[in-house]
Amino acid sequence: MARFDWPALMRAGIGGLKLKPAEFWALTPAELALLLGAGPAQSTLSRAGLNALLRSYPDKNAEAEDG
């Protein structure tokens, strides 16, 4: 099992990201890794991507409701 380098992680989280100690310790390792930029980068949603989502998950109520 790999060991965490807590001093380095604390410097990155508290020193670099300016997290309060309670905020740092409340994070999961996955959340901390995400904040530090680890993992694959996600691109922004394109118009084609949005249209594909709209086709896959259409609104249940197609008519606009006036309230």
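Colleague: Before we start, what do buried, exposed and partly exposed mean here?
Modeller: Buried means under 20% relative accessible area, exposed means over 50%, and partly exposed lies in between (1.4 Å probe, protein chains only).
Colleague: Which of these is Trp 6?
Modeller: Trp 6 has a relative accessible area of 36%, so it is partly exposed.
Colleague: And what about Phe 4?
Modeller: Phe 4 is partly exposed too, because its relative accessibility is 47%.
Colleague: What kind of model is this?
Modeller: It is predicted; local features need pLDDT of at least 70, side-chain atom pairs need 80 or more, and totals for chains, interfaces and linings use all residues. Residues count from 1 along each chain as its sequence is written, and side-chain values use heavy atoms, without hydrogens and water.
Colleague: What is the average pLDDT?
Modeller: It is 86 for the protein, and 85% of the residues score at least 70. pLDDT is the predictor's confidence in each residue, from 0 to 100.
Colleague: Back to the rings. How many aromatic pairs are there?
Modeller: Three. Rings of Phe, Tyr and Trp (its six-membered ring) pair if their centres lie within 6.5 Å; planes under 30 degrees apart are stacked, over 60 edge-to-face, the rest tilted.
Colleague: Why is the pair of Phe 4 and Trp 6 tilted?
Modeller: Because their planes are at 45°, with the centres 5.1 Å apart.
Colleague: Which residues do ring pairs link into a cluster?
Modeller: Phe 4, Trp 6, Phe 24 and Trp 25.
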